[in-house]
Protein chains: 2
Amino acid sequence: MTGPRWLSATEQRAWRSHLAMHKLLMHRLDRELQEFELSLNDYEILVNLSESPGRRMRMSDLADATIQSRSRLSHQISRMEAKGLVVREDCRDDRRGTFAVLTDDGWATIQRVAPHHVASVREHFVDRLSDDQLDALEAAYTPIVEHLKTLR
Amino acid sequence: MTGPRWLSATEQRAWRSHLAMHKLLMHRLDRELQEFELSLNDYEILVNLSESPGRRMRMSDLADATIQSRSRLSHQISRMEAKGLVVREDCRDDRRGTFAVLTDDGWATIQRVAPHHVASVREHFVDRLSDDQLDALEAAYTPIVEHLKTLR
DNA sequence: CGGGAATAGTTGAAAGTTCAGCTATGTTGA
DNA sequence: TCAACATAGCTGAACTTTCAACTATTCCCG
């Protein structure tokens with residue numbers, strides 16, 4: 001029986017740089033969105049809805065798309081409803097279902113904020129990587145995403 | 001005046017794969033730690049303390065090392081103190097200061113859990129990347145970490 | 001058809017995080 | 001020396017996330 005396979009120096013550096021990069025970047029992006037009174041979570045919802053036909057999505061689909069629990073999404077949408085960014089609408093086909101729908105205000109908000117947010121993502125992340133690095137990143141991470149999705 | 005520079009398809013895929021990978025991976029690692037009644041945050045504290053001389057760190061240093069606010073760390077340490085994993089000790093040199101110190105129980109816990117956690121990190125991340133990919137990842141992310149640290 | 005299982009979503013309480021403000025100690029320079 | 005400022009850390013309230021339990025509807029199959 002063999003002992004635990006500790007991470008090599010290379011492995012550890014890669015793993016820790018991912019963790020540090022992510023934490024710092026999210027803090028920064030969140031911070032830069034605060035100027036518009038949005039959180040990163042709000043933003044993610046707005047993007048998803050704005051890209052969907054009818055500017056609406058079923059709650060479950062939205063939860064899956066944003067990788068969060070239904071419960072969490074439900075609270076999140078309640079808060080955004082209170083802010084006037086979205087509304088809930090009943091679903092006719094499946095009477096258990098609910099749509100989250102972007103309001104005009106929500107639409108205007110994402111239109112206004114998106115350019116700034118994209119600029120932030122560029123400044124702190126995308127523009128600091130070459131095209132090759134971006135391709136390599138996607139090639140590395142996509143299979144891991146697939147793997148993790150199969151687990152649940 | 002030019003319009004916003006939207007992300008290209010490549011850029012968007014890379015960015016979104018990073019985000020999705022991270023969320024899924026953290027959920028999974030957190031989940032696998034739950035078996036040992038630890039959160040990822042608990043684990044990170046234990047690792048930092050266990051790697052420090054005297055199994056202790058100043059609160060501020062620990063906050064910096066784990067990239068979180070002093071307030072958040074303070075609450076976090078209080079919870080871990082309640083669980084018996086760490087204790088606070090006054091600092092003699094600087095009487096404003098406090099050490100977080102690993103208890104014997106905290107030390108035993110990290111010894112016991114680390115092999116399992118490392119195995120998780122391998123299974124879901126490290127072992128899914130080649131050495132070249134790991135090097136490339138570190139090379140890509142480390143400069144971004146440096147950049148973000150200068151911002152605060 | 002009808003009853004059990006699965007799915008969609010919400011809820012409220014507990015746990016965790018953020019924010020602003022507070023105390024205490026240390027550092028600096030007129 | 002001592003006032004002003006900076007640093008270290010804590011606290012409580014507000015906010016967010018998690019967890020388990022709950023209702024309502026739909027699906028599946030004997």
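This is a predicted model: local features need pLDDT of at least 70, side-chain atom pairs count only at pLDDT 80 or more; totals for chains, interfaces and linings use all residues.

Trainee: Which residue stands opposite Phe99(A) in strand 3 of chain A?

Mentor: That's Arg58(A).

Trainee: And how many bridges join strand 2 of chain A to strand 3 of chain A?

Mentor: There are 5 bridges between strand 2 and strand 3 of chain A, and this pair runs antiparallel. Here you'll find Val87(A) opposite Val101(A) in strand 3 of chain A.

Trainee: Nice. Stepping back, how many helices and strands does chain A have?

Mentor: Chain A has 6 helices and 3 strands. Starting at the N terminus, the order of elements in chain A is α-α-β-α-α-β-β-α-α.

Trainee: What about its overall dimensions? What box do the C-alpha atoms of chain A fill?

Mentor: Along the principal axes, the box is roughly 55 × 40 × 25 Å.

Trainee: How much of chain A do buried residues make up?

Mentor: Buried residues account for 27% of the 152 residues in chain A. As for contacts in chain A between residues at least 6 apart in sequence, 44% of them join residues at least 24 apart.

Trainee: Can we zoom in on helix 2 of chain A? Which residues are buried there?

Mentor: Helix 2 of chain A covers residues 40-50, and its buried residues are Asp42(A), Ile45(A), Leu46(A) and Leu49(A). They sit on the same side of helix 2 of chain A because they cover an arc of only 100° around the axis.

Trainee: What covers the buried residues of helix 2 of chain A?

Mentor: The cover includes strand 1 (56-58), strand 2 (86-90) and strand 3 (98-102) of chain A, along with helix 3 (59-65), helix 4 (70-82) and helix 5 of chain A.

Trainee: Switching topic: how many residues of chain A are in contact with chain B?

Mentor: 46 residues of chain A are in contact with 46 residues of chain B. On the chain A side, helix 1 (9-34), helix 5 (104-124) and helix 6 (131-151) each supply at least two residues. Helix 6 of chain A gives the largest share, 17 residues.

Trainee: And how does that side of chain A divide by class?

Mentor: The side of chain A that touches chain B has 27 nonpolar, 8 polar and 11 charged residues.

Trainee: Now the DNA. Which residues are closest to DNA strand C?

Mentor: DNA strand C is surrounded by 23 residues, and the closest are Ser60(A), Ser71(A), Ser74(A), Ser71(B) and Arg95(B). Helix 3 and helix 4 of chain A, together with helix 4 (70-82) of chain B, each give two or more residues to this surface. Helix 4 of chain B gives the most, with 5 residues. By class, the surface near DNA strand C has 1 nonpolar, 13 polar and 9 charged residues.

Trainee: And which ones are closest to DNA strand D?

Mentor: Those are Ser71(A), Arg95(A), Met59(B), Ser60(B) and Ser71(B), from the 23 residues that surround DNA strand D. Two or more residues come from each of helix 4 of chain A, helix 3 (59-65) of chain B and helix 4 of chain B. The largest share of the surface near DNA strand D, 5 residues, comes from helix 4 of chain A.

Conventions: Residues are numbered from 1 along each chain as its sequence is written. Chains are lettered from A and ligands numbered from 1 in the order in which they are written. Two residues are in contact if their C-beta atoms, placed from the backbone, lie within 7 Å. Helices (H or I, at least four residues) and strands (E, at least two) are DSSP runs, numbered from the N terminus. Ala, Val, Leu, Ile, Met, Phe, Trp, Tyr, Cys and Pro count as nonpolar, Asp, Glu, Lys and Arg as charged, and the others, Gly among them, as polar. A residue is buried if 20 or more other C-beta atoms lie within 10 Å of its own, exposed if 12 or fewer, and partly exposed in between; C-beta atoms are placed from the backbone. The arc is that of the directions from the helix axis to the C-beta atoms. A residue is near a molecule or strand if its C-beta atom, placed from the backbone, lies within 6 Å of it. Two strands pair if DSSP finds at least two bridges between them.
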